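Q: Could you walk me through this one slowly? I have it open in the viewer, and I'd like to take it piece by piece.
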Amino acid sequence: MSAPILSVRDLGKRFGSMVAARDITVSVPAHQTVGVIGSNGAGKTTFINMITGHLRPTRGTIDFEGRDITGLPSRRITAMGVSRSFQVPQIFPSLTVFENMCAAAAICRAPKNFLGHVRTPFRSRESVAEADTLLELFQIARYRDTLAVTLPQGVRKLLDIGMAVAGAPRLLLLDEPTSGISIEEKFNLMQVIMSALRHRKITVLFVEHDMEIVERFAQRVLAFYDGTVIADGTPAETLADARVQALISGPRARGASGAVVHV
Amino acid sequence: MAKQGRIAASSALLAAAAVAALVLPGWMISLATIAFANGLVVLGLIVLWRAGLVSFGQALYYCIGAYAVALVGRWTGMTDALVLALIGGGSAGLVAFGVGFLLARYREIFFAMLSLALSMILYGLLVKTESLGSTDGFSVIAPTFFGYAPHQQALLVALYWLVLAICAVAALLVGAYFRSVGGALAIPLRDNEIRVEFLGMSASRLIHTKLVISGLLGGMGGALAALAVGHVDPNMSYWTTSGEFVFITILAGAGSVVPAFVGSLAFESVRSFAFAMLPQLWQMLLGSVLLLTILFLPQGLGSLIMRPRWRRDAEAP
């Protein structure tokens with residue numbers, strides 16, 4: 001087994017008296033695809049927000065590639081190789097798809113000091129080439145010159161994830177990549193995302209509500225409940241777990257063909 | 001290629017502007033000198049504008065640049081116009097760097113009002129400082145140019161040419177900045193700061209850089225205006241001065257670099273003619289021009305010549 005790329009120990013987060021996350025200890029080996037499940041408010045997004053530096057944990061440590069990244073600002077963590085996508089795609093609506101991708105590629109390649117980003121050209125040959133490669137990889141090249149504000153939701157999702165990949169991350173956290181997508185489109189969308197990420201050899205953690213998708217695409221599943229991990233194993237093991245069925249997947253399984261049913 | 005066409009057109013414009021000084025009457029040269037000096041300030045405002053930031057306090061840098069020139073001239077006897085302009089720009093840039101630590105944290109109306117407040121603090125200080133002539137201000141020495149000390153019409157032309165040269169260099173540099181990562185990220189910053197941060201770039205640092213650039217340009221504009229007018233007073237820091245720069249920016253449009261100067265020239269001309277023709281109602285005429293610009297040219301005069309790139313791309317199938 002390879003050394004863990006991400007290692008989280010005893011992670012906890014409180015907001016005042018509210019405990020959003022507690023006692024999370026997880027270690028993820030490189031190139032694994034991990035699904036994260038749990039009902040709303042179970043702490044999945046808090047978990048992702050802590051790893052990406054959006055929230056500072058109140059206790060515990062996060063190591064990425066052996067380096068402690070606990071509490072670093074998000075842009076430092078991003079620069080180290082941890083990227084993320086958002087439940088609501090975070091794109092630049094008044095730019096075209098190509099310009100969005102080009103911006104992402106250029107930002108990731110520019111030196112971060114005061115003068116570095118003034119001296120580096122925006123449309124360098126490298127960033128343009130990377131932008132076009134990513135558009136192909138995520139199969140959105142035919143939207144290249146479309147303004148991002150007019151894109152359908154599925155393309156927005158792909159663009160958002162593609163932009164996160166532009167910085168050549170080793171670890172990518174996807175917050176509900178299929179939310180807001182119709183059931184018919186979900187599988188195709190995940191197929192495109194996952195094959196692109198495999199192609200780039202990126203370790204993935206993705207939050208997902210649809211158990212069929214989790215089973216199909218994850219090699220390992222973490223089940224969150226009440227701020228902590230209650231089950232951790234292969235999809236078959238985790239989804240067979242009695243507490244997971246009682247607390248998370250059970251009610252969902254009764255929903256019509258994977259439609260989101262909140263507990 | 002479109003780019004070469006643009007360079008050729010800009011060079012032709014510059015050459016025409018330079019040659020025009022040989023035939024135009026003195027008052028027109030003065031008007032154009034002030035207009036182009038103010039154009040530098042507008043260029044700085046455009047740098048911020050593209051990132052969605054409207055500064056109602058550019059007069060702060062304008063005034064600092066002007067007073068720096070006046071004071072350095074008074075204290076050291078330095079008269080070289082280029083050196084003085086650089087000193088004016090440099091001191092305003094330094095101040096922009098300092099206040100940038102505060103301003104870069106604010107957006108939208110808070111940014112606008114805070115920048116306005118800073119310029120009004122300077123105004124208040126200058127009005128109370130009797131050694132600097134309080135509300136009357138004081139006069140600025142006549143500039144020289146690398147040892148050449150012209151008078152009257154020759155002085156006007158020499159200063160005009162210097163201003164033109166500085167504007168051309170500034171336009172080139174700012175154009176290059178717009179193509180750099182830091183400059184091109186203005187629209188992404190306006191659109192979505194979260195994404196910029198999560199791509200690993202500090203939004204406030206990007207904005208801080210823009211503030212320093214706009215401060216430098218503002219100071220340089222103020223310095224040259226002070227040399228052209230031969231006098232500085234606290235009104236250079238008053239909020240109506242800032243308002244004028246915002247007015248010109250709306251008139252010019254933030255799409256590219258050259259319209260800043262064309263817009264500034266148009267503004268000064270309209271104001272002069274309005275003042276001459278309708279001494280009682282000139283503000284009304286200016287107001288109407290602004291209204292018509294917003295109604296019919298929301299992207300400014302610049303959109304008549306070059307439509308903003310993002311618009312053009314949007315219309316491609």
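This is a predicted model: local features need pLDDT of at least 70, side-chain atom pairs count only at pLDDT 80 or more; totals for chains, interfaces and linings use all residues.

Q: What angle do H2 and H12 of chain B pack at, and how far apart are their axes?
A: Helix H2, residues 26–49 of chain B, packs against helix H12, residues 259–277 of chain B, at an angle of about 130°, and their axes are 7 Å apart. The crossing of these two helices, H2(B) and H12(B), is right-handed.

Q: Which residues make that contact?
A: On H2(B) they include B:Leu31, B:Phe36, B:Asn38 and B:Val42, while on H12(B) they include B:Phe261, B:Gly263, B:Leu265 and B:Glu268. Sorted by class, the contact of H2(B) with H12(B) has 11 nonpolar residues, six polar ones and one charged one.

Q: OK, and H3 with H4 in chain B, what's the angle there?
A: Helix H3, residues 59–76 of chain B, and helix H4, residues 81–103 of chain B, pack at about 130°, with axes 8 Å apart. H3(B) and H4(B) are therefore oblique to each other, and H3(B) passes H4(B) in a right-handed crossing.

Q: Who's touching whom in that pair?
A: From H3(B) the contact takes, among others, B:Tyr61, B:Ile64, B:Val69 and B:Gly73, and from H4(B) it takes residues including B:Leu84, B:Ile87, B:Gly89 and B:Val95. By class, the contact of H3(B) with H4(B) has 11 nonpolar and five polar residues, and no charged residues.

Q: Zooming out, how many helices and strands does chain B have?
A: Chain B has 15 helices and two strands, and its C-alpha trace spans about 60 × 45 × 40 Å along the principal axes.

Q: What does its radius of gyration say?
A: A compact globule with 317 residues would have a radius of gyration near 20 Å, and chain B has 19 Å, which agrees. Of those 317 residues, 49% count as buried. Among the contacts in chain B between residues at least 6 apart in sequence, 80% join residues at least 24 apart.

Q: And chain A, what's in there?
A: Chain A has 10 helices and 10 strands, and its C-alpha atoms fill a box of roughly 55 × 40 × 40 Å along the principal axes. With 263 residues, a compact globule would have a radius of gyration near 18 Å, and the 18 Å of chain A agrees with this. Buried residues make up 49% of the chain.

Q: How many residues does each chain give to the contact between A and B?
A: The contact takes 30 residues from chain A and 26 from chain B. On the side of chain A that touches chain B, H3(A) gives the most, with five residues. By class, that side of chain A has 17 nonpolar, eight polar and five charged residues.

Q: Last one, A:Ile181: buried or exposed?
A: A:Ile181 counts as buried, because it has 20 C-beta neighbours inside 10 Å. This residue sits in the loop between strand E7 (171–174) and helix H7 (183–199) of chain A. Leaving out residues up to four places away in sequence, A:Ile181 touches A:Gln153, A:Gly154, A:Lys157, A:Lys186 and A:Leu189.

Technical notes
Residues are numbered from 1 along each chain as its sequence is written. Chains are lettered from A and ligands numbered from 1 in the order in which they are written. Helices (H or I, at least four residues) and strands (E, at least two) are DSSP runs, numbered from the N terminus. The radius of gyration is taken over C-alpha atoms; the globule rule is 2.2 Å times the number of residues to the power 0.38. A residue is buried if 20 or more other C-beta atoms lie within 10 Å of its own, exposed if 12 or fewer, and partly exposed in between; C-beta atoms are placed from the backbone. Two residues are in contact if their C-beta atoms, placed from the backbone, lie within 7 Å. Axes are lines fitted to C-alpha atoms, for helices over the stretch in contact, and angles run from 0 to 180 degrees between N-to-C directions. Angles under 35 degrees count as roughly parallel, over 145 as roughly antiparallel, 65 to 115 as roughly perpendicular and the rest as oblique. A crossing is left-handed if the near helix is turned anticlockwise from the far one by less than a right angle, and right-handed if clockwise. Ala, Val, Leu, Ile, Met, Phe, Trp, Tyr, Cys and Pro count as nonpolar, Asp, Glu, Lys and Arg as charged, and the others, Gly among them, as polar.
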